Amino acid sequence: MKKLLVCLLSVLLAAGLLLTGCAPRQASAPEAEQTPAPAGIYTPGTYTAEAAGFGGTVTVTVTVDGEKILDCVAAGDGETQGVGSIAVEELPAKIVEANSAEVDAVSGCTITSKAIIQAAKAALAQARGEEAQSAAVRMTPGTYTATEYGNNDYLEVAVTVDESSILSVEVTKHAETRFLGEEAIRRIAADMVEYQTLNVDSITGATITSNALKAAVTKCIEEAGGDPSALQNPVPPKGGKKADVTVEQADVIVVGSGGAGLSAAVTAAQGGASVIVIEKMPLIGGNTVRCASAYNAADPEMQAELPMTDTLKEAVEKAISETPVSEEHARLMADVKAKYEEYLASGSQALFDCPEWHALQTFNGGDKVGDVLLIRKYAENVLDTLKWMLSLGTEILPKISQGAGALWQRTHQVDAPAGTGLIGPLYDEAVRLNVPIITEMRADELIVENGAVVGVHAVDAYGSEYKFMANKGVVLATGGFSNNKEMRQQYDPMLTPDMVSTNQPGATGDGIVMATAIGAATTGMEYIQVYPLATPGTGALQGRARKMSGLDDVIVVNKEGRRFVNEDARRDEFVAAIKQQTDGIVYDINDSTIVEETNSFGENIETLVKLGRIYKADTLAGLEEQLGMPKGSLEQTVAEYNEMVANKSDPVFGRKLFDKPIEVGPFYATPRAPSIHHTMGGLRINPDAQVLDQSGKPIPGLYAAGEVAGGIHGTNRLGGNATADVLTFGRIAAKTILGK
């Protein structure tokens with residue numbers, strides 16, 4: 001009877017408000033402390049719902065009695081450890097304490113918090129017996145806009161809705177990378193409209209862009225008056241497991257669609273072979289599409305304007321005067337000496353370089369443990385590979401530089417964001433040649449008949465089995481194992497699981513596992529390179545203030561504003577020096593002469609400044625103040641460096657690389673820190689890219705190219721050598737298969 005009177009009073013009160021022309025005021029979000037919900041609003045039990053988090057689906061399970069929340073548990077394996085994981089741990093208790101899902105987000109992890117709150121709301125709606133999509137019909141029709149920072153710049157998003165549904169999702173402006181963020185935008189936007197949900201999985205390999213788009217669309221739905229928790233139905237499976245094994249056949253089967261895989265595929269197709277490329281990731285490009293596109297090659301025509309200093313001459317003379325460690329090393333030294341003597345006799349003042357000198361520096365830079373014959377094959381072919389890429393449409397900047405850890409000014413810079421200037425032309429040529437590239441197809445076993453590799457067994461995203469049979473050969477181009485935490489720690493225990501990597505998530509050593517299972521040999525697996533100048537926290541390569549990847553016009557300083565290392569040193573020496581600095585954080589310092597609107601990854605420099613990822617000041621003193629450096633320290637360091645440039649000599653650290661002084665404001669500082677970057681070891685191959693067995697003999701039908709193969713870089717890869725390596729040996733593998 002008492003409940004009936006309360007309900008009647010509520011109806012009369014609402015009617016009175018309507019008669020006086022007053023609409024009920026919308027309630028504001030409750031604070032963390034809430035009064036208990038009225039008795040009997042829930043059906044006792046346990047309810048589960050999902051929402052799209054930062055790194056994937058977040059699941060929330062609530063247990064209720066008739067009037068309150070008894071328990072709440074959240075799970076989200078894809079959420080970032082130390083960030084989103086904090087919300088997963090903390091928010092459920094707050095929901096129980098408040099007896100409501102209307103709680104504040106955890107600071108610093110808004111996206112994960114919102115997902116937990118949305119999923120909790122949906123689960124509680126189930127407990128109240130409400131339809132999961134009921135709130136979606138209460139949107140105000142129209143087009144709503146929002147912005148969210150993606151991987152390279154802000155995404156501008158426009159969402160059009162009617163009363164009950166999402167009509168369109170458009171990204172009206174973005175700077176995301178082709179094949180990565182751009183593809184994620186296309187897929188996620190389409191799924192949101194088709195399936196009327198915000199609960200769309202992030203695209204692996206483009207998580208940052210995926211989450212930025214989902215966050216922006218969520219903002220638009222909220223602006224339209226909709227409740228994002230009501231738009232959380234999961235996207236249904238788009239396929240299913242086939243009962244039978246599907247068999248495909250081609251002359252050449254390529255496993256992996258990065259630079260090595262696509263260069264092999266295109267070369268084979270240009271030679272008249274039929275080719276199938278399979279890729280386990282949902283996106284193509286491997287590490288190549290996200291690299292800095294620095295490409296080493298001795299190129300006398302482009303190096304003609306670079307001077308040969310006495311310091312550089314001393315470097316050559318020292319290298320050709322050492323005691324050789326092998327006959328092959330002695331022959332290589334003799335060949336460099338002969339070329340160098342010809343150069344001196346010519347009277348040239350331009351920078352000395354040749355394939356033999358590139359090979360000797362690669363061998364020496366890897367502590368003389370690489371395979372000299374492999375290295376020679378590499379150095380002799382990289383310029384031809386570059387010219388081939390230029391013929392396909394790759395564009396390069398007109399200036400040669402020296403990449404970080406490159407040791408010599410032979411680094412060509414591709415003029416396109418990240419690695420799109422390499423993968424783009426290869427992909428376009430593959431399409432022109434009708435080469436199928438099958439994504440989300442994970443190779444797990446090599447098929448061997450009569451001692452020869454004749455194909456690959458693979459599984460798609462739905463568990464269906466495939467056999468890709470090769471008439472002429474299988475090329476493994478699966479990349480390295482930087483993101484296989486167990487494997488990398490097996491070979492280098494210092495690389496703990498918490499360490500970040502520059503690599504794409506698919507770099508897990510699959511090709512090495514498959515090949516060693518049939519008796520393939522490996523080499524140098526313990527040699528794993530850490531890149532010195534990555535983004536602190538994420539390990540990403542991008543985020544810098546300069547267009548060129550080289551350090552020609554850059555110095556690196558510590559938090560005290562002082563240089564601490566020779567900037568043209570080997571990468572391992574650079575990393576060791578950084579680890580000795582305060583907090584392991586250092587700064588790229590450069591002036592405005594090498595800064596353009598965007599950097600080599602397509603990121604807008606002014607946007608990065610506004611976000612606090614790059615520091616900018618009109619004066620060096622202003623930069624010191626922003627960075628909290630001792631007064632006058634950076635000014636003194638730059639003055640000392642500028643004097644070194646004038647004298648072409650570094651008496652403190654022995655830097656050999658001098659181009660222009662740092663003197664034209666504004667000045668820029670980019671925070672940098674080491675990140676796991678490249679696994680130098682891998683399958684043992686010969687100069688024809690054939691995979692060798694334990695006795696050193698080629699395994700018939702099996703080839704490898706790129707980071708899956710070892711033997712070229714020794715203990716330490718020179719900066720700018722990787723891109724040239726993967727593209728060159730991809731071509732060599734295809735040519736060997738075709739008998740060319």
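Where in the chain is the place of L407? L407 is in the loop between helix 11 (372–392) and strand 10 (411–413), helices (H or I, at least four residues) and strands (E, at least two) being DSSP runs numbered from the N terminus. The model is predicted, so that local features need pLDDT of at least 70 and side-chain atom pairs count only at pLDDT 80 or more, whereas totals for chains, interfaces and linings use all residues. Residues are numbered from 1 along each chain as its sequence is written, and side-chain values use heavy atoms, with hydrogens and water left out.

The secondary structure of the chain comprises 19 helices and 24 strands. The radius of gyration, taken over C-alpha atoms, is 29 Å, close to the 27 Å given for 740 residues by the globule rule, so the chain is as compact as a globular protein of that length; the rule is 2.2 Å times the number of residues to the power 0.38. Along the principal axes, the C-alpha atoms fill a box of roughly 110 × 70 × 45 Å. Of the 740 residues, 56% are buried, where buried means under 20% relative accessible area, exposed over 50%, and partly exposed in between (1.4 Å probe, protein chains only). Among contacts (heavy atoms within 4.5 Å) with a separation of 6 or more, 71% are between residues 24 or more positions apart.

The chain exposes about 30600 Å², of which carbon and sulfur atoms supply 51%; accessible areas come from the Shrake-Rupley method with a 1.4 Å probe, and for residues only the protein chains shown count as cover. The mean positions of the 61 positive and 94 negative charges are 1 Å apart. Lys and Arg count as positive and Asp and Glu as negative, while His and the chain ends are not counted; each charge is placed at NZ of Lys, CZ of Arg, CG of Asp or CD of Glu.

Backbone geometry was examined at several loop positions. L407 has a phi near 75°, a positive value in a residue other than glycine, and is buried at a relative accessible area of 16%. A418, in the loop between strand 10 and helix 12 (420–432), likewise has a positive phi, near 50°. A418 counts as buried because its relative accessibility is 3%. A cis peptide bond, with omega about 0°, joins G665 and P666; P666 lies in the loop between helix 18 (633–647) and strand 20 (667–679).

S675 lies in strand 20 and is buried, at 2% relative accessibility. Beyond residues up to four places away in sequence, S675 touches V500, S501, T502, Q529, V530, Y531, A534 and G539. The C-alpha atoms of S675 and P532 are separated by 6.7 Å, although the two residues are 143 residues apart along the chain.

T502 is in the loop between helix 13 (485–491) and helix 14 (510–516) and counts as buried at 10% relative accessibility. With neighbours within four places in sequence left aside, the contacts of T502 include R290, Y531, L541 and S675. The side chains of T502 and N503 are joined by a polar contact of 3.1 Å. A polar contact is a pair of N or O atoms within 3.5 Å; within protein, one must be able to donate a hydrogen and the other to accept it, and residues adjacent in sequence count only if both atoms are side-chain atoms.

T523, in strand 15 (residues 522–523), is buried with a relative accessible area of 19%.
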